[in-house]
Amino acid sequence: MGVVGQNAVRLDGREKVTGRALYVDDIVMPGMWHGVAVRTTIPSGKVLSVVFDPRFNWKKVVVADRHDIPGRNVVTMIEEDMPLLVHDEIRHIGEAIVLIAAPTKKMAEDARRHVEIRYEEWQPVLTIEDSKAKKRVIHGSDNVISRYKIDKGDVSAGFKDSDAIVEGVYRTGAQEQAYIEPQGIIASPGKGGGVDLVGSMQCPFYILKALERLLGMSETKLSVKQATVGGAFGGKEDYPSVLAGYASVLALKAKRPVKMIYDRNEDMNVTTKRHPSVVRHRTGVKKNGMLVAMDIGIELDAGAYTTLTPVVLSRGFLHSAGPYRCPNVRIAGAAFATNAPPNGAFRGFGAPQTLFAVEAHMDKIAEEIGMSPLELRRINCLKVGDEMATGQILKESVGALECLEKAAAASGFERKWRASLPLCKGESEGIEVRSTLPDPPLQREGTVRGIGISLFMHGGGFTGSGEAKMKGKAGIRLERDGKLTVLTGCTEMGQGAHTVLPQIVAECLGVPLSCVRVETPDTSKVPDSGPTVASRVTMVIGKVLCVCAEEMKRRLSEAAGRDHGDFRSLAGSFLKKRGPLTIIEAYEPTPGIHWDDTTYHGDAYAAYSWGCDVAEVEVDKDTFEIKVERMYMAHDVGRAVNPQMVEGQIEGGTLQALGWALMEDNRYDGGKLLNNRFQTYIIPTTMDTPFLELITVEHPFSHGPLGAKGVGELPHDGAAPAVVNAIANATGIRISEIPATPERLFEECKKKHFRSS
Amino acid sequence: MGKSIALIVNGKRKKVKAHAASRVLDVLRETLKLTGTKEGCGEGECGACSVILNGEVVNSCLILFGQLNDGDDITTIEGIGGKKKLHPLQEYFLECGASQCGICTPGMIMAAYALLKKNPRPTHDEIRQAVAGNLCRCTGYAKIIEAIERCATSNVKI
């Protein structure tokens with residue numbers, strides 16, 4: 001049928017371009033009120049009293065506190081250490097203490113201003129260093145939220161065997177998801193004392209699970225439905241469970257629908273960010289460039305509660321050695337509690353942090369042994385048959401080297417890199433790929449130019465045994481009119497899942513795409529496919545839908561007593577005889593995959609997507625402004641189900657990563673976020689966007705749907721290290737902490753003059 | 001404190017009554033039920049609420065209803081194309097994959113519309129400048145600029 005591989009127009013596109021798509025803030029319900037939260041203004045301490053100003057008429061509003069929570073005062077995620085409303089101890093600024101609902105948002109905000117909280121203040125723990133040193137213990141017995149360690153081969157012997165040992169410390173800052181639609185939920189009292197929710201979310205079933213516990217209700221009394229989502233990027237993975245809790249408690253007490261929409265400042269103040277990180281590398285290498293030993297230490301700032309930190313750390317940990325072969329590897333990782341709002345999911349989920357470190361470090365190694373960064377990567381790049389740090393043997397679908405060669409060739413990497421480093425002797429240009437980018441503008445006066453490269457991978461689906469445990473379900477329903485409906489809890493948040501999944505179904509069943517629609521993700525209507533995270537929807541749920549399609553064809557053929565004939569005629573006769581048919585299947589792990597959660601040994605991911613980014617930058621010698629002129633991105637996605645949407649993911653993810661690399665910087669003072677608005681938290685605009693050259697590489701994954709692997713997060717992994725490596729090529733200055741702001745470059749420059757000036 | 005102003009909204013004359021201190025954004029979304037115009041930041045930084053006021057693209061979150069005058073002409077996303085017939089810009093946004101989550105799309109299209117009304121053949125850089133006040137977190141802007149560029153060179157009437 002040729003539906004897969006086509007640039008099908010997004011199925012939710014017409015509603016979006018006409019402004020008819022309904023986001024949560026566009027929904028109005030009869031009798032609906034508006035909710036707000038009264039929040040803590042100190043990072044650590046306890047609440048002494050809450051004072052309601054008698055000058056406000058409290059009869060006009062509904063106030064709820066922790067005693068109004070029908071079930072347990074916890075927000076269930078991995079652990080149950082986070083209360084919905086502060087019980088005793090305050091762990092961060094912005095924790096909710098009291099909730100208020102009022103007929104208008106203005107009145108609710110007015111009421112909020114009439115509540116005063118009195119505190120006993122404690123000395124907060126605000127940095128990884130203070131937490132690690134146990135300046136105060138705020139979590140468990142040692143402030144450690146989670147910890148992992150693996151040891152492969154003999155690292156000490158490896159160092160002895162090395163010609164050079166290179167060390168480096170790399171730091172990354174917090175990053176705000178900055179979805180343009182702020183968080184929002186509407187809760188309404190439902191049948192039988194239950195609650196119905198609609199809102200902006202990635203994972204309706206996470207909310208369902210959290211509400212069961214919080215409201216003390218069985219899931220039969222609850223329904224959670226996704227409205228059109230205006231961007232998420234991980235930011236709407238776990239946090240909506242908190243907001244759903246607030247709105248539900250208020251709706252039950254007010255006995256009417258309650259809408260809660262954050263404004264931008266509140267959203268930035270209280271919702272999760274990308275975990276700040278410190279990664280230490282010590283690497284033993286041979287003169288010929290072969291890696292012999294890697295010793296890696298990872299530290300993350302988790303913030304005040306566990307939330308998703310153990311899995312973020314795990315993914316960062318498992319990507320920290322990069323796409324390289326090394327016989328002796330030791331990795332230790334830990335996440336520490338601090339009195340900051342909890343950090344959480346953000347596209348890449350720990351991997352961008354550790355890949356930034358290893359990829360900046362590879363260039364440092366190359367410099368120390370006098371080799372080109374391209375050649376060093378080429379020598380050590382993983383190939384089919386190689387073993388990773390967890391002992392995983394790569395059996396198939398490893399496009400790393402092809403990505404490296406194609407990005408290097410398209411950008412003319414070696415030639416340009418040598419032009420900035422004239423002492424380095426020649427390597428070949430590799431294979432020929434012609435770039436389609438226009439000629440670069442002439443170099444501006446007073447600037448230096450440089451080029452940098454990064455090589456990286458991203459594991460598709462949950463880590464380790466996650467998918468085997470989750471057994472994500474999805475289904476297809478043959479409707480009375482012969483059309484097909486995809487049933488999945490996986491959400492559309494702009495990434496294109498609700499176009500790509502129908503494309504897969506249409507291809508498998510041999511029907512036109514116009515015959516397939518997707519049911520709205522509503523926990524009362526669709527099976528639990530697992531969360532919409534981890535670059536897993538196309539690869540994992542797409543595969544489940546392929547299995548559903550095969551089963552549907554089998555059932556139709558069986559009923560017809562023939563296994564020939566096209567789908568339409570088989571479906572037609574089945575519908576006449578028996579009516580609609582629903583097939584639901586669960587994910588079956590890839591055969592031959594083994595993972596041990598206790599030793600962290602085995603196949604960490606069923607398949608990896610691979611990528612190589614090349615950045616060209618121009619640095620102003622007077623102002624230290626850094627401008628990325630061009631990016632070349634060669635990404636191996638297995639099979640591009642919808643090439644245009646794959647491009648959209650790579651372009652968008654790359655620009656987010658450039659923002660993280662160069663300008664996005666959450667600044668805190670005493671646990672308080674200073675830049676909680678787009679005026680001060682700067683994200684890239686059209687004027688910050690370089691020319692983007694995409695090279696799609698396809699090394700199919702045999703267990704993926706028609707060969708496809710994940711693409712959602714991969715593009716966030718490579719841009720930052722490519723940029724700092726390019727800055728080093730341009731200026732001779734290695735930036736080891738991002739964002740690489742002009743101020744930071746200036747500070748480094750004070751220590752070392754521009755080589756070219 | 002309600003104020004009544006005779007506006008032209010999406011080509012139709014309308015006597016609109018609202019509080020003078022209401023933001024035009026809220027009057028559009030709540031009083032006139034035109035929810036195609038979105039709020040992303042409420043302080044003029046993201047451009048999601050862009051509409052066209054007397055031919056100029058403006059952030060509707062930064063203008064108060066009381067600042068409007070009788071006869072002012074406002075165009076929103078609902079006024080340029082809809083269910084039955086899409087505006088060419090909407091067609092190109094669809095075809096080029098310029099809309100992902102879609103929350104910035106109405107504002108982005110209005111900024112592009114204002115540009116093409118004034119300058120039917122903009123250069124690549126003029127397009128980048130014209131939508132620099134509209135934040136998009138999904139697309140990396142490449143396909144948005146491509147859609148506007150293709151629309152501009154397609155010889156269709158804007």
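Of the contacts in chain B with a separation of 6 or more, 57% are between residues 24 or more positions apart, a contact meaning heavy atoms within 4.5 Å. The structure is a predicted model, in which local features need pLDDT of at least 70 and side-chain atom pairs count only at pLDDT 80 or more, whereas totals for chains, interfaces and linings use all residues; side-chain values use heavy atoms, with hydrogens and water left out. Residues are numbered from 1 along each chain as its sequence is written, and chains are lettered from A and ligands numbered from 1 in the order in which they are written. The model scores ipTM 0.99 and pTM 0.97, and chain B averages a pLDDT (the predictor's confidence in each residue, from 0 to 100) of 97, with 99% of the residues scoring at least 70.

Chain B contains five helices and five strands, which are DSSP runs numbered from the N terminus (helices H or I, at least four residues; strands E, at least two). In order from the N terminus, these elements run β-β-α-β-β-β-α-α-α-α. The radius of gyration of chain B, at 15 Å, is close to the 15 Å given by the globule rule for 158 residues, so the chain is as compact as a globular protein of that length; the radius is taken over C-alpha atoms, and the rule is 2.2 Å times the number of residues to the power 0.38. Along the principal axes, the C-alpha atoms of chain B fill a box of roughly 45 × 30 × 25 Å. Of the 158 residues in chain B, 58% are buried, where buried means under 20% relative accessible area, exposed over 50%, and partly exposed in between (1.4 Å probe, protein chains only).

In chain A, helix α8 (residues 309–319) is largely enclosed by the rest of the structure, because 10 of its 11 residues are buried. Among these buried residues are T309(A), L313(A), R315(A) and H319(A), and the buried residues of α8(A) pack against several elements of chain A, including β7 (144–152), β14 (291–303) and α9 (351–369).

T538(A) is partly exposed, with a relative accessible area of 23%, and, not counting residues up to four places away in sequence, T538(A) touches V500(A), I504(A), K543(A), V641(A), P705(A) and A708(A). Between T538(A) and L313(A), the separation is 225 residues in sequence and 24 Å in space, C-alpha to C-alpha.
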